[in-house]
Amino acid sequence: MEEEPELSSKLVSQASLDLAGVEREVVKEHFFDLTAHSEGVVASVRTGHLKKDLSLLLESSTMPEPYDFSPSRDTREPSIRPMSSDLEGKNPKIPNRHFASWTNMRHFYRMYRSDSDATVSPGGGGGSLEWTGAKPSTEVVTTNSISRSTVTWDGSNNYWRVPILAKVTFIYSLQSEPSQTRGKYDCYLVYSPIFTFWNPYNVDLEIPDSTLGMLTAAYKILPYEGNFFLGSTLTPSASGNTTFTSTVEDKSYVRSSNGRDIVFKPGEIRLFSHKGLFSSRQDPGLFEGFDPQAIGGTRTLFGSYSASDLPGVSLTFAHSHAGGNVNWGNTPGSLCHSPYWGNDTDKMPTMYQHDWFQVGQTLTPITPDPVLLRGSIASRPDNLAGWVFSDSEPVPFAYAQLVLKGLSEFEYESIEWESDWRSRNWIQAPPFYFGSAQYISEDPTIAHTQRLDNPYVMNFGPMSMAEMPKVVPHLGGLGFLGSGASPYEKVTAVPALELPTAPVGSLAGFSNMRINPGWLKLGEYGSHLIQKEQRPFAAKSSLYSAECKTVAYQSGITGPGIGNSFVHPMIPRQDVYQFFDNSKSQDPKVRTNWSNTETVDNKVFNDYWDHTFLLNDALWDDYFVSSLADQTRPGASAAKSLQENIDSLVEGDSLANSRLLYRPSELAPDDEVKKDFADAEGYLLAAKHLMIDGMFNVNSTSVPAWKALFMGIRERKLIKRENGGLSEVALPQGKEIAISRFNTPTTGQEMDDPETGVARSDGNQAWSGVRFLDDEQLERLAQECVKQVKLRGPFLNLSEFINRRLSNDELGTMGALQSAIDYDDHNPDSNSINYRFKNGPGFMITESDLGQHSFKTPEAAEGSRFAGIPGYVIQSDILKPIGNTLTVRDDTFRIRAYGETLAANGTVVARAWCEAIVQRIPEYVDSSDDPEVAARVLDGNNDFEDNGELSEINRSLGRKFEIRSFRWLQKEDV
């Protein structure tokens with residue numbers, strides 16, 4: 001229209017409605033639903049200041065205060081949401097722990113670039129993604145400099161990327177071989193650890209050969225012991241002991257078969273095990289795959305026996321003494337996951353201690369207790385595992401494993417205190433964080449709650465070869481995500497976290513960034529977390545490796561983070577904090593006597609904070625994402641540098657975020673504007689040169705307006721990356737919009753069910769984060785949004801809309817948009833957006849499934865077990881394409897006036913109607929104050945007050961309004 005003004009004469013007008021076949025009354029009814037004039041100032045309603053541009057802030061080569069980090073000066077990384085006096089008033093056990101790190105966010109944002117200034121990881125791997133043509137990948141990026149007594153900065157100024165331990169499985173087998181004595185067989189017990197690693201990222205993950213090591217010795221990672229029988233007689237083995245343990249083999253490194261890097265495809269799950277049998281202390285390597293017909297591992301000789309001797313064993317968990325897992329652990333019988341990186345002494349800080357058993361459960365049987373029968377050697381006790389002499393291959397008889405929770409239930413044949421410990425772990429206990437350290441409480445209710453509030457579950461019991469598919473479900477070298485009695489999730493790839501391959505374009509684009517409080521000098525946590533090794537083996541081993549426990553901290557963090565609004569079940573709906581007494585470890589007083597313990601309260605996991613609530617509150621009203629960025633990267637030949645994008649914007653081109661428009665001003669020549677954008681403080685100045693096109697007020701109660709907002713997502717092209725190539729995702733017939741968990745998904749397919757996902761082009765069965773929504777779903781979503789506005793509104797700032805309400809009712813469980821998406825949580829509707837994740841057997845968790853627990857908001861633990869997985873629509877999926885246009889107020893107004901003249905007798909002589917469109921703009925009424933100056937500031941008590949630096953006129957009248965159009969109206973126009 002601007003380029004060809006003559007086209008305006010061809011538009012349908014009110015005068016030509018009849019000729020066009022349009023009902024005049026219908027047009028009048030919807031006259032105010034549509035406008036060509038809606039623009040908005042990029043400002044915070046909460047403080048009145050112009051928002052800060054995260055794009056330009058994170059593009060800066062030098063972060064300004066308070067965002068910068070100097071390890072020589074600071075005791076912590078700067079926090080997105082620092083601990084404030086109101087939060088300190090809740091008396092957290094660790095008052096110095098803040099919420100997410102600006103340093104972490106900056107390196108996450110800049111990862112796509114080839115010039116990242118992140119400190120190269122001591123363990124190898126830089127800040128940038130690696131590019132092969134247009135195909136991105138990542139190295140392992142972590143630190144290996146954390147030791148058990150380090151209190152100084154670890155040297156890692158980076159965004160860590162490591163494989164996640166999805167499962168660790170231990171298979172116990174019996175093997176017999178003909179001995180040198182005729183009629184006798186050498187009887188061995190074979191211990192076989194199997195590690196299943198998961199690349200949670202949307203790009204390839206490369207691990208150099210023989211670099212990732214794992215503790216594999218049973219006495220160091222998960223001790224066991226057993227009894228050896230001949231018939232029904234408890235008998236000393238060849239070592240002279242009736243109870244036995246396995247002590248050979250210390251650690252093993254993950255190896256390829258050709259010396260090359262081990263490459264995990266996006267989201268891929270792969271398992272590694274030993275090849276062959278060995279008896280000496282050595283590193284046999286962990287190689288890809290697992291062959292149940294040729295089980296490898298450590299074997300221990302019991303002696304030579306004949307078949308008529310009826311040799312057999314029973315197996316229990318145990319506690320190792322000096323030199324064993326107590327060096328890393330705490331409560332007797334804990335599982336200690338300790339990964340090495342690069343050599344035999346440096347450990348990745350993702351190690352953790354996982355206590356599943358209380359002290360009285362330390363000797364929990366793995367195989368059912370044998371029922372001892374009176375009689376001769378010719379009778380073997382029931383439940384006793386015996387050797388098979390017809391086959392020289394190991395025959396499995398028991399297993400134990402730590403696995404990520406899924407849909408399937410777990411069977412426990414050897415205990416009677418089992419419970420259903422599954423949960424909505426993708427929301428409640430995100431499995432893509434660095435493990436989940438746990439000190440099991442001696443209080444049964446707290447202990448049950450701890451097991452619920454954990455991404456992992458311990459599973460163990462007797463087994464046979466026929467049961468191998470449920471114990472180690474896999475396809476060649478690929479592992480299945482699912483576990484349990486009948487593993488459900490038969491997917492081999494689950495991309496769950498995004499590593500940006502292009503500039504992040506909205507605040508919701510940070511939803512797939514791992515939330516990490518960042519580095520804090522250990523001493524700041526408190527003296528209770530510092531405990532150096534003492535000899536002889538002393539107590540308080542739970543304070544050993546304290547730094548690693550701070551890395552594993554995740555109390556209260558829910559699923560995908562920024563832009564979402566699920567409350568953690570541990571936190572009351574009316575609050576953002578809850579203390580939970582879950583950090584008491586039962587440490588042996590003397591390590592050679594595990595049963596004599598003392599309680600050590602290290603307090604490290606007590607503080608449950610609503611991290612996403614606090615981060616949303618810090619970001620959505622104060623910041624925006626302009627998309628002004630250096631887009632140059634390998635494989636993007638047409639991408640522009642930051643300066644080229646600034647020049648193009650000022651000269652009339654659109655930003656990648658096309659809803660942000662450049663606003664020319666007579667007061668600021670184009671050259672001066674370019675300088676503002678490129679200035680070190682450009683992130684503070686950008687908003688005064690921009691306006692939001694088509695700004696949408698979330699306080700709207702118009703269903704058609706909300707639907708139009710969602711339909712506008714069609715304007716955004718969704719681009720997938722498959723096998724290194726980029727292509728547009730095609731919208732199926734009958735669908736209106738496409739949304740995705742990732743800015744660049746790894747497939748363009750939508751999955752119908754979480755059991756098998758989709759067949760990806762790289763050969764994996766994968767979960768997909770792509771969803772296609774139809775007209776009926778968008779109509780219902782709009783209706784539910786209006787319901788939420790009427791229940792919760794008016795929203796006084798944007799974070800009120802993004803976040804849940806702090807109230808002890810259903811409004812405190814999740815935010816308005818998520819409530820609109822999941823309106824059918826209590827009664828699944830076949831037409832709802834997430835129905836496919838709610839309609840299967842066992843898909844939904846109800847109150848009766850939770851058992852006796854300590855949750856403050858148990859409603860948050862109810863609902864779909866698949867809530868939060870890629871493909872299950874969460875509000876950040878919707879906010880990515882629309883979040884940049886949302887506000888809680890209007891800046892464009894249609895003002896109408898009416899006037900009349902009266903005769904002396906009071907009759908109307910003449911009437912007139914007029915209309916003006918007025919637009920708020922960034923400048924203040926009094927130009928003596930710059931537009932970027934805030935109207936309100938925080939006082940010493942963290943309360944808002946008027947900014948005394950503003951002129952009196954600006955404190956009263958605020959920002960200017962411009963008249964954009966004026967017209968006289970006819971009576972029929974009103």
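Is Asp 647 buried, partly exposed or exposed? At 22% relative accessibility, Asp 647 counts as partly exposed, where buried means under 20% relative accessible area, exposed means over 50%, and partly exposed lies in between, with a 1.4 Å probe and protein chains only.

Before I go on, a note on the model. This is a predicted model, in which local features need pLDDT of at least 70 and side-chain atom pairs count only at pLDDT 80 or more, while totals for chains, interfaces and linings use all residues. Residues are numbered from 1 along each chain as its sequence is written, and side-chain values use heavy atoms, with hydrogens and water left out.

Back to Asp 647 and its partner. The side chain of Asp 647 meets that of Lys 674 in a salt bridge, 3.7 Å from N to O. By salt bridge I mean a side-chain nitrogen of Lys or Arg within 4 Å of a carboxyl oxygen of Asp or Glu. Lys 674 lies in helix 13 (residues 670-678) and Asp 647 in helix 12 (residues 642-650), so the pair ties together parts that are 27 residues apart in sequence. Helices here are DSSP runs of H or I with at least four residues, strands are runs of E with at least two, and both are numbered from the N terminus. Lys 674 counts as buried, at 17% relative accessibility.

A search of the whole structure finds 50 salt bridges. Lys 688 forms one with Glu 932, and the closest N and O atoms are 3.5 Å apart. Lys 688 is in the loop between helix 14 (682-685) and strand 35 (690-693), and Glu 932 is in the loop between strand 47 (908-924) and strand 48 (936-938), so this pair ties together parts 244 residues apart in sequence. Lys 688 is buried at 14%, while Glu 932 is partly exposed at 25%.

Glu 784 counts as buried at 5% relative accessibility.

Now the rings. The structure holds 45 aromatic pairs; rings of Phe, Tyr and Trp (its six-membered ring) pair if their centres lie within 6.5 Å, and planes under 30 degrees apart count as stacked, over 60 as edge-to-face and the rest as tilted. Tyr 488 and Phe 843 have ring centres 5.9 Å apart and planes at 75°, so the pair is edge-to-face. Phe 317, Trp 356, Phe 357, Tyr 412, Trp 417, Trp 421 and Phe 460 form one aromatic cluster.

Strand 5 pairs with strand 6 (residues 135-139) in the antiparallel sense over 3 bridges, and Trp 131 stands opposite Pro 136 in strand 6.

Note on methods: Two strands pair if DSSP finds at least two bridges between them.
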